[in-house]
Structure formats: structure tokens, C-alpha cells
Amino acid sequence: MSFVPPGPAAMGGLCPVGGGKLDLRVPWSTLAEESREPGYLGRLGPITPGQARYLAGLAAAEAGTQWRVIVTSSQGRAEAVTRVLRHGNDAVAGLVDRVTVTISRDALQLSAAQLSAAQLSGAQLSAATGHQAGKSTAAAERVLAAVVRAAVRAADEADLRTAADVAASGGCAHREASAAYRPPTRLWEYVTARDLTCRFPTCRQPAWRCDLDHTTPYDKGGRTCRCNLGGLCRFHHQLKQHRLWQLTQPVPGTFTWTTPTGRTYAIEPDMHPV
């Protein structure tokens, strides 16, 4: 019986050929080789930490790769989402089309301190690629530093939002609310990162595949705001509209379902690996 090698050797020297197809999600602790948490490829599933670092190293050298950063609490709940701005020819993409990095507040504080002391290095990440070491190292250093800087800005904005929410009645200051029915990209990215899956208690459909539903209907005064939006798969979206079912969102991100028999079930935001 043969087994697939657990790290980059399984890639067989894979290198970009254009036309990025892969969507990589990876915790910061995995990039920094501080944990054995796996990475994830969209529509495929978990991959080993070594494979995740290998693909992230390839992505770092490609200007066309999109980098998204999710700042989480120490428990793994999404608090802010931002993107890393890259300079170069965005029309050119490699093997990896998008990389999503999750970084906890604890790790961010440490990494920001290292960055300010000019200690943050991409050597470990780029070494996993096994080729173009000098170019990959420099690219990885730039990308990892940019990830940290973007995460710090997003965390600061999240702190301001939280302070405004605490001062506001109802627990939300609606700082990022939209007057439109369809949520703008910034809201869509935050809510899908916060929810991760359909908000029905037993459903595991990924939030990016779900409808972004207004808990209180838009035509009945419901805001297009993170305090009134949640991911629901099409089936549970239709179930929620049934007159015998009720769905409320008493706290932004926390949903309470009431069944036709009067039973209630509360579901809180899913956790990201950190």
C-alpha cells in the first residue's frame, strides 16, 4: 500500500503555469510553523501544514494572487476582514488565485512587535517552495509584513466599531450599514467570515455558498447591516420564511430559531482555526 507524502514532496515540483484556480485558507500559526493546524483548499478540503506553506510560498511570488486577512479573537471568532494591496500586474495569476490568512489577536500583537523590530522574515515560508529561493524569500517577507500591517489596521477599526456599538442602544451603531438591499462587498466578506456556515443549527453549508439573508426583512424595515444579516442556505432561507418558524438575531452574529412547537435553539458564530 502506498501513501501520499505529507508535505511539498506530494506536489511533485508543482509550479505556477498561469490561470490561478486554487483558493487557499491557512492560519497564521501554520505559516509561522507554530502549529500543526492544516490548511484548506476551497472545494477540496484539508491539506497538510507543509502543503499549505508550499502553496502560500508560490502565491507570495505572484503579483496576481489576492490576499485576504481575517482577524479573530483569541477563541477564533472573526472580528475584522481586510485585504492586502499588491503592486504589480494583477492580470497575471499563478497556481493559487486567493489566499485567506486567519490571525488571532494574540498572534497579531506578537507579530506586530516583531515587524516593528524588523524581525519578521519569510524565510521559513519561502524555503518550502524549493525553488527561486532568493526571489521567493524577498516576496514572502514583503507579503507577510503586508499581512501584519493590514491586520493591525483592521483590528484598530474593529476596536473603534466595538466602542461605538457599546455606546449605542441595541448593541450596534450601524457604522457599516448600507441603504441598499444588496450588501456591499465589505459587509458580505465580514458576515461570511463571521458565520462560516449556514446559521441553521445542524447545517454545515459554507456561508460563501449561502444567501445573505436579512433577519428582519428589508421591506419591513430591516437594515442591511451586520446586525441584521446572516448566511442561510437556500433550503433554510425558505424554511425561515414559513409562518410557523421564527428567526431573530438578538446580538449581532447570534441567531435564535423558534420551531413550530415553540422550542428555541441559539447558534453563535463559528470558530476559525488560529
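**Exercise 1.** Find which residues are linked with Glu79 in a network of salt bridges.

Step 1: a salt bridge here is a side-chain nitrogen of Lys or Arg within 4 Å of a carboxyl oxygen of Asp or Glu.
Step 2: Arg105 and Asp159 join Glu79 in such a network.
Step 3: in total, the structure holds 13 salt bridges.

This is a predicted model, in which local features need pLDDT of at least 70 and side-chain atom pairs count only at pLDDT 80 or more, while totals for chains, interfaces and linings use all residues. Residues are numbered from 1 along each chain as its sequence is written, and side-chain values use heavy atoms, with hydrogens and water left out.

**Exercise 2.** Work out which parts the salt bridge of Arg98 and Asp23 ties together.

Step 1: their N and O atoms are 3.2 Å apart.
Step 2: Arg98 belongs to strand 6 (residues 96-104) and Asp23 to strand 1 (residues 22-27), so the pair ties together parts that are 75 residues apart in sequence. Strands (E, at least two residues) and helices (H or I, at least four) are DSSP runs, numbered from the N terminus.

**Exercise 3.** Decide whether Asp270 and Arg204 are buried or exposed.

Step 1: buried means under 20% relative accessible area, exposed over 50%, and partly exposed in between (1.4 Å probe, protein chains only).
Step 2: Asp270 has 12%, so Asp270 is buried.
Step 3: Arg204 has 54%, so Arg204 counts as exposed.
Step 4: the two form a salt bridge, with the closest N and O atoms 3.6 Å apart.
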